[in-house]
Amino acid sequence: MTTYTFDQLLKSVTVGEGEGAAVRDPATDEILGHAPQSTEDDLNAAVEAARAAQKTWATLSHDERSDYLNKAADAIEANTDALAELLSREQGKPIKNGPNALFEVGACSAWMRSSASFPIEPEVVLDDESGYAELHYVPIGVVGAIGPWNWPMMISIWQIAPALRMGNTVVLKPSEYTPLSVLALGRVMNDVLPEGVLQVLAGGGDLGKAMTAHDGIDKITFTGSTETGKAIMRSAAADMKRLTLELGGNDAGIVLDDVDPKEIAESLFWGAFINTGQTCAALKRLYVPESIYDDVCDALAEVAGAMPMGRGIEEQNVLGPLQNRAQYDVVARLVEAARSSGARILIGGNPDDRAPGNFYPVTLVADIDNDNPLVAEEQFGPVLPIVKYTDLDQAIEWANGLDVGLGSSVWSSSRERALKVAHRLEAGTTWINQHGTLDPRVPFGGIKESGEGLEFGLEGLKQMALPKIISG
């Protein structure tokens, strides 16, 4: 396999200034490189190549395909440093500290190996005097994957790895904000994968729309906004494409009155501010009982004030910029709406608009109403509203009151009390005394308008295949 330097990897995925779209470093506003822009003709050619390659790929055994996945994981690990630097400079996250770029690259290889590790055997569903039947899982065909900009490499692997393991081929379009890191990931993996099995095409929204409508693509997997997810569902209905959609969340956390605020403060912080808050399953609204409200606010503010923010390539930083200016503007608008309503800014809320980059400071907002836009809308940035409650039933009603349901959490020193609340929360996952912790062995997905289908674990693999009954 080939091992690349950062400069070699960047050069391999960029084109000349007049040939592609500029990609900027969100910490400096400087142009990092120019991404090629694939056309609909390029998509047609990629789908044709993927359909041809899929016929041979599907004939391989699970063990043979798993061996390729492990080789791809080896290739990612061999290029960790170059991939992490490119990711940091394009997405903004720190290279080394906190849940960082090295963490994301490491997660890519870990998820590849996990997808390769699950045994998949036919399931005997009937075996008695009346007959015999087995449930098998067979490839779907060509999977079209559309990825986001917040965890561009890791989420791409969440799409790629199970699809390949189950005998499909993949055509992937990364976000137009973070195409280079995903193109680089594809370049590294394709050094060891068979030709045509994985293809990465950079482009804008028109390319994504063409993918969802393409009659040569059999399934779409998408991570992104609920609005776009609904548009994909409408498009997929024309030819009944299979779908896996991981969409927006506005995750609630409920603190119970038996916690030690100082003991949970750092875990609360990282639940909310992982990846500078740019995570679908981050903690985005926190409900705290009146009896310990001020103590929780003080403990969180103390932790937040000690977290350095700056360029990801500078080793001391644990938080980076927002990836793009459009998201910066969303965050700024919501904080100003909270401030105008009379909410109390505990820390932050004072960005330097004259400085380069998309840096918005870590911001905690207290004494805020549940119907404030900062609470009701997904901010997707380094801001956490903290809502006071006096009645637990009211807090649960508030937590369940939105049309989304990706994740939620309960914080308590009593597991029994936490479980009672957890069962009442409407979310695909409810964590206890943590938030947003994902494991490749544990299925993950949203309910309500937060998604369709599951990812991870054996259940995630099955959703990249078609169930087939052989009876008799």
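User: What makes Pro139 and Thr169 contacts of Gln54, leaving aside neighbours within four places in sequence?

Analyst: Contact means heavy atoms within 4.5 Å. Leaving aside its neighbours within four places in sequence, Gln54 is in contact with Pro139, Gly141, Gly167, Asn168 and Thr169. This is a predicted model, in which local features need pLDDT of at least 70 and side-chain atom pairs count only at pLDDT 80 or more, while totals for chains, interfaces and linings use all residues. Residues are numbered from 1 along each chain as its sequence is written, and side-chain values use heavy atoms, with hydrogens and water left out.

User: Why is Gln54 called buried?

Analyst: Buried means under 20% relative accessible area, exposed means over 50%, and partly exposed lies in between (1.4 Å probe, protein chains only). Gln54 has a relative accessible area of 13%, and is therefore buried. Its place is in helix 2 (residues 40-59); helices (H or I, at least four residues) and strands (E, at least two) are DSSP runs, numbered from the N terminus.

User: Is Arg24 buried, exposed or partly exposed, and what makes it so?

Analyst: The relative accessible area of Arg24 is 46%, so this residue is partly exposed. Arg24 lies in strand 1 (residues 20-24).

User: How do you know that a polar atom of the Arg24 side chain and the backbone oxygen of Asp29 form a polar contact?

Analyst: A polar contact is a pair of N or O atoms within 3.5 Å; within protein, one must be able to donate a hydrogen and the other to accept it, and residues adjacent in sequence count only if both atoms are side-chain atoms. The backbone oxygen of Asp29 lies 2.7 Å from a polar atom of the side chain of Arg24. Arg24 also touches Glu30, Ile31, Leu32, Arg89 and Glu90.

User: What makes strand 3 and strand 4 a pair?

Analyst: Two strands pair if DSSP finds at least two bridges between them. Five bridges join strand 3 to strand 4 (residues 131-139), and these strands run antiparallel. The open sheet has three strands in the order 3-4-20. Strand 3 (123-128) and strand 20 (465-471) are its edge strands, since each pairs on one side only.

User: Why are strand 7 and strand 19 said to stand at the edges?

Analyst: Six strands form an open sheet in the order 7-6-5-8-9-19, with mixed pairing. Strand 7 (198-200) and strand 19 (451-452) each have a single partner strand, so one side of each is left without a neighbour in the sheet. Helix 7 (residues 179-190) packs on this sheet, touching strand 6 (169-173) and strand 7, and its direction makes about 155° with that of strand 7. Axes are lines fitted to C-alpha atoms, for helices over the stretch in contact, and angles run from 0 to 180 degrees between N-to-C directions. Within the sheet, strand 5 (residues 142-146) and strand 8 (residues 219-223) pair in the parallel sense over four bridges.

User: What makes strand 11 mostly covered?

Analyst: Seven of the seven residues of strand 11 (residues 283-289) are buried. Four bridges join strand 10 (residues 251-255) to strand 11, and the two run parallel. Ala252 stands opposite Arg285 in strand 11.
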